[in-house]
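Trainee: Could you take me through one part of this structure closely? I would like to start from a single residue and then see how it sits in its chain and beside the neighbouring chain.

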Amino acid sequence: MELQTVKFYQTGTFTVGNRLLAEDERSVQANMDRTNSLNSGHRACQGCGEALGARYAIDAAMRATNGELIAVNATGCLEVFSTPYPETSWKIPWIHSLFGNAAAVASGVAAAMRVKGTPGVRVVAQGGDGGTTDIGFGCLSGMFERNDDVLYICYDNEAYMNTGVQRSSATPPAARTATTPAVGREPGNVFGTGKNVPLIAMAHSIPYVATASVANLRDLERKVAKAMEIAGARYVHIHVPCPLGWGSLPADTIKVARLAVESGLFPLFEVEYGEITGRTPIRRKVPVTDYLRLQKRFAHLFNVAGEGRVAQIQAIADRNIAKFGLLEEARTHG
Amino acid sequence: MDKPFAITLDVGSSLANKTGSWRTSRPVYVDRLPPCNHACPAGENIQSWLYHAEAGDYEAAWRVLTRDNPLPAIMGRVCYHPCETACNRGQLDESVGINSVERFLGDEALKRGWRFEPPARESGKRVLVVGAGPSGLAAAYHLRLFGHAVTIIEAGPLAGGMMRFGIPKYRLPRDVLDAEVQRILDLGIELRLNRKVSNILETMEQDRFDAAFLAVGAHIAKRAFIPAGSAAHMLDAIAVLRGMEGEDKPLLGRRVVVYGGGNTALDVARTAKRLGASDAIVVYRRTREKMPAHDFEVEEALQEGVLIKWLSTIRNMADAGTLTVEKMRLDDKGFPQPTGEFETLETDSLVLALGQDVDLSLLYGVADLVIEHGVVQVGANMMTGHPGIFAGGDMVPSERTVTVAVGHGKKAARHIDAWLRGGSYAPLPAHKLAPFESLNPWYYADAPKTARPMLDLARRASTFDEIVAGLDESTALFEARRCLSCGNCFECDNCYGVCPDNAVIKLGPGKRFEFNYDYCKGCGICVAECPCGAIEMIPETI
């Protein structure tokens with residue numbers, strides 16, 4: 001009888017762990033001894049995607065570097081909720097300076113390690129989309145262009161959530177924020193332009209750029225681990241839903257992130273030295289409405305005023321799917 | 001205090017901040033009842049034995065399985081698997097092949113010679129089981145494990161009941177039946193063959209039995225009045241099938257007509273084919289949709305060349321073997337009504353497969369019995385109106401399948417055991433059902449069912465070889481791993497991974513998880529992302 005090559009759930013990789021897999025085949029998050037770099041007691045909202053994404057990424061980086069890691073943090077939600085003086089949730093060496101200079105501080109820390117003669121100690125810089133795509137953008141571009149030995153991780157929740165949901169350059173078209181209210185002839189955020197920092201990072205021809213999602217842990221951990229194996233400037237951009245800012249249910253954080261990926265609105269891809277070298281195919285394609293409807297920031301799209309906008313957003317998703325080949329080699333993997 | 005410039009407080013951990021106080025509802029781990037377990041007439045804990053089979057620990061799986069059912073190799077062949085009909089995976093791609101994994105475990109046990117653990121101590125009580133069919137054997141097995149001395153008295157020459165004298169060999173090879181029966185008897189159960197109990201009270205008195213379980217089955221063929229010539233060759237289905245077990249096979253001729261629409265009718269028609277009949281025709285008075293036989297049996301019979309005449313009744317049979325058949329039509333209520341149109345059918349023999357009645361003669365003189373529609377009425381505890389006499393299987397109101405009979409045997413054994421101890425058996429309250437909606441199917445990859453290889457049609461029509469083959473180790477493992485583990489944690493680590501607050505504590509292999517309510521904010525991501533629906537949100541009471 002012909003055997004099937006398709007893998008299936010109980011030894012697959014869709015879940016965090018699996019009792020049937022060998023220890024070394026399991027995810028970092030499945031491990032009882034994971035670092036828990038961002039510990040309990042932090043003050044992030046219920047269902048915070050950023051807190052989850054930060055623990056996923058930093059735990060993976062800790063494993064990849066055998067715990068030899070220093071983190072530099074930009075101002076933002078992650079910094080505020082994790083370190084209200086004098087408490088800290090971080091179980092790793094961690095430094096915060098200003099909103100816009102995380103990349104520069106990280107470059108300095110990396111230089112200091114070199115001077116001190118401890119090149120084994122690696123540096124991660126992290127920030128939200130505001131600290132990365134707006135305020136810290138100049139420092140980030142400089143870090144890329146100098147090819148400093150830093151992994152910069154951007155946790156993208158698509159607005160300034162910490163200060164009350166103001167728009168950033170990462171806010172998606174038509175989204176309602178405190179500064180882009182859903183009123184007038186073109187409600188919500190501006191349509192047609194945008195700032196895709198992963199593609200800008202790619203244009204710097206740095207060794208490694210990747211996008212990741214909290215909805216795909218295996219993919220995220222693999223990309224962070226791969227980044228830590230490479231010297232020079234690296235950039236990982238992680239999509240992290242914000243229940244408060246997006247108006248989604250706290251329990252739906254991973255579901256929302258998953259639908260962003262499956263609809264094609266948040267493509268998962270990898271870039272090495274300016275060339276796209278990998279993409280994570282969509283497993284079960286969904287229309288963008290599945291994603292939009294779960295979020296109050298898009299509620300106006302489903303009124304009379306929003307007519308036509310949904311089709312335009314679907315066109316964006318379709319363009320991403322075509323551009324990155326997200327439906328190619330659509331295979332059952334797992 | 002010696003602190004750096006501008007620092008006035010010691011560095012503290014955020015663990016001091018008990019964010020659990022934010023919570024308005026809390027997640028709790030639950031076990032829900034998987035639909036397969038719920039549907040199993042024998043009360044098997046299917047999800048639980050599949051859990052062990054998934055890990056390749058087939059002996060552990062078999063031991064869990066046989067806590068409820070001592071006949072897995074038989075069950076894996078003859079059960080109509082309502083578990084698979086109920087299986088949630090059916091709504092995803094195809095139901096898990098539970099029946100084929102069960103058969104694999106049963107065959108593996110026979111191959112490896114796994115035995116049942118004998119009872120730890122003897123109770124000193126003696127229980128009589130009348131009838132060595134599936135119900136009697138199951139009851140004897142469970143009663144023996146409770147420590148009672150068990151004697152089975154069987155009227156027939158061999159144990160097995162309808163499994164031997166009703167189910168053809170091509171569905172249940174006799175070596176499998178013999179081996180599973182022997183393994184039960186090896187627990188120290190006495191089997192007396194060729195002994196018909198004619199008076200139950202006398203037999204109990206003579207051998208000082210403390211209780212009795214009656215499972216004599218339904219072996220008397222129902223008759224229909226069909227005017228027939230004196231030389232017309234008319235037989236009943238049970239006699240034909242029983243005759244297959246003896247030296248002299250029944251003589252059916254080249255053309256055989258079977259009257260009836262149940263599984264037995266199809267068994268006889270298929271048997272006739274194998275005995276060399278050129279025509280095997282089933283005559284049934286209603287339509288295929290109304291036929292009590294299982295659809296796959298109809299399908300297999302048709303494949304083997306059995307013909308079925310729907311909406312037809314037999315009016316009479318002439319000496320020369322000419323049947324007069326009347327066409328029927330269904331009325332508004334679905335009952336067949338005569339149309340007055342007749343046709344004739346040439347046959348060498350007519351086999352009546354119109355159902356079976358119970359031989360209740362052993363119960364003459366027993367007080368307080370209730371018999372309705374030819375079967376013995378029993379309470380929820382399987383006890384007849386007469387204290388100490390229990391009954392099950394085909395002789396009580398039931399669906400009359402092997403699996404139901406095995407379930408009766410188990411249930412009766414528990415109640416008999418409790419009754420002998422002067423108490424009563426109260427089953428644990430069942431968990432809430434785990435419906436498909438409680439699962440998160442995203443985490444289950446597509447994996448279609450593994451089909452069991454079938455014997456070539458040419459050989460099926462001419463030999464009594466078993467027609468459905470078993471799975472091998474790799475395919476059985478694959479099939480077991482298709483289980484979604486509905487409503488029961490299988491340690492996928494999802495809750496442990498997806499908690500933004502590290503508020504899930506992993507306790508280690510086999511120990512599952514625990515919530516740390518000091519820090520759980522009650523976001524509910526763990527509930528939403530649990531693949532198998534084993535976490536529930538409940539409101540906090542403040």
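Mentor: A residue is called buried here if 20 or more other C-beta atoms lie within 10 Å of its own. The model is a predicted one. Take Leu439(B): because 23 other C-beta atoms fall within 10 Å, Leu439(B) counts as buried. Leu439(B) belongs to a loop, the one between helix H14 (402-420) and helix H15 (457-462) of chain B.

Next, the surroundings of Leu439(B). Leaving aside residues up to four places away in sequence, Leu439(B) touches Asn88(B), Leu484(B), Cys486(B), Pro531(B), Cys532(B) and Gly533(B). One of these, Pro531(B), is 92 residues away along the chain, yet the C-alpha atoms of Leu439(B) and Pro531(B) are separated by 5.4 Å. For chain B as a whole, take the contacts between residues at least 6 apart in sequence: 72% of them join residues at least 24 apart.

Now the chain itself. Chain B has 542 residues, of which 49% count as buried. Its secondary structure comprises 18 helices and 22 strands, and its C-alpha trace spans about 120 × 55 × 50 Å along the principal axes.

Chain B places 50 residues in contact with 46 residues of chain A. Elements of chain B that each supply at least two residues to this side are strand S1 (12-13), helix H16 (473-481), helix H17 (494-498) and helix H18 (525-529). By class, the side of chain B that touches chain A has 25 nonpolar, 14 polar and 11 charged residues.

Strand S1 of chain B also pairs across the two chains. Its partner is strand S2 (residues 87-88) of chain A, in the parallel sense and over 2 bridges. Within that pairing, Glu87(A) has Gly12(B) as its bridge partner.

Terms used: Residues are numbered from 1 along each chain as its sequence is written. Chains are lettered from A and ligands numbered from 1 in the order in which they are written. This is a predicted model: local features need pLDDT of at least 70, side-chain atom pairs count only at pLDDT 80 or more; totals for chains, interfaces and linings use all residues. Two residues are in contact if their C-beta atoms, placed from the backbone, lie within 7 Å. Helices (H or I, at least four residues) and strands (E, at least two) are DSSP runs, numbered from the N terminus. Ala, Val, Leu, Ile, Met, Phe, Trp, Tyr, Cys and Pro count as nonpolar, Asp, Glu, Lys and Arg as charged, and the others, Gly among them, as polar. Two strands pair if DSSP finds at least two bridges between them. A residue is buried if 20 or more other C-beta atoms lie within 10 Å of its own, exposed if 12 or fewer, and partly exposed in between; C-beta atoms are placed from the backbone.
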